[in-house]
Amino acid sequence: MMDFDPAAPGPVPSPCISICEMDAKTGLCVGCQRTIDEIVAWGAASDDERRAVWREIGRRRHALFDGNAA
């Protein structure tokens, strides 16, 4: 799982880690936790839009992984 601080200056890296499989239950990519719409839009997205996606990924990961931790 790749981490990125959306507040960091400079170019915004893709969250893709080449594990491209959509989870039917969540509607998210198993590798990067993006929706299919976010994946499709990434190439044309501005840095601000990409940072917004990264913030959403952080929220999703917290809900999916940290929120289920015992």
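Biologist: Which residues of helix α2 are buried in this model?

Modeller: The model is a predicted one, and in it the buried residues of α2 are R50, R51, V53, W54, I57, R60 and R61. Part of the cover over these buried residues comes from α1 (36-41).

Biologist: How many residues does α2 have, and what distance does the helix reach from its first C-alpha to its last?

Modeller: Helix α2 runs over residues 47-66 and has 20 residues. From first C-alpha to last, the helix reaches 27 Å, which is close to the 28 Å expected at 1.5 Å a residue.

Biologist: How should I read an aromatic pair, and which rings form the one in this structure?

Modeller: Two values describe such a pair, namely the distance between ring centres and the angle between ring planes. The structure holds one aromatic pair. The centres of the F4 and W54 rings are 5.4 Å apart and their planes stand at 50°, so this pair is tilted. Because F4 lies in the segment before α1 and W54 in helix α2, the pair ties together parts that are 50 residues apart in sequence.

Biologist: Are F4 and W54 buried or exposed?

Modeller: Buried means under 20% relative accessible area. F4 has 17% relative accessibility and therefore counts as buried. W54 counts as buried as well, with 3% relative accessibility.

Biologist: Which charged end sits over the ring of W42?

Modeller: That of R34, whose charged end is 5.2 Å from the centre of the W42 ring.

Biologist: Are S18 and Q33 buried or exposed?

Modeller: S18 is exposed, with a relative accessible area of 64%. Q33, by contrast, is buried, with a relative accessible area of 4%.

Biologist: Which residues does M1 touch, leaving aside those up to four places away in sequence?

Modeller: M1 touches I17, Q33, R61 and F65. M1 has its place in the segment before α1, and at 57% relative accessibility M1 counts as exposed. M1 and Q33 are 32 residues apart in sequence, while their C-alpha atoms are 9.4 Å apart in space. Among the residues touched by M1, R61 is one of the buried residues of α2.

Notes
Residues numbered from 1 in each chain as written. Predicted model: local features only at pLDDT ≥ 70, side-chain atom pairs only at ≥ 80, totals over all residues. Heavy atoms only, no water. Helix = DSSP H or I, 4+ residues; strand = E, 2+ residues; numbered from the N terminus. Expected span 1.5 Å × (residues − 1). Buried < 20%, exposed > 50% of the residue type's maximum accessible area, 1.4 Å probe, protein only. Contact = heavy atoms within 4.5 Å. Phe/Tyr/Trp six-rings, centres within 6.5 Å; stacked < 30°, edge-to-face > 60°. Lys NZ or Arg CZ within 6 Å of the ring centre and 35° of its normal.
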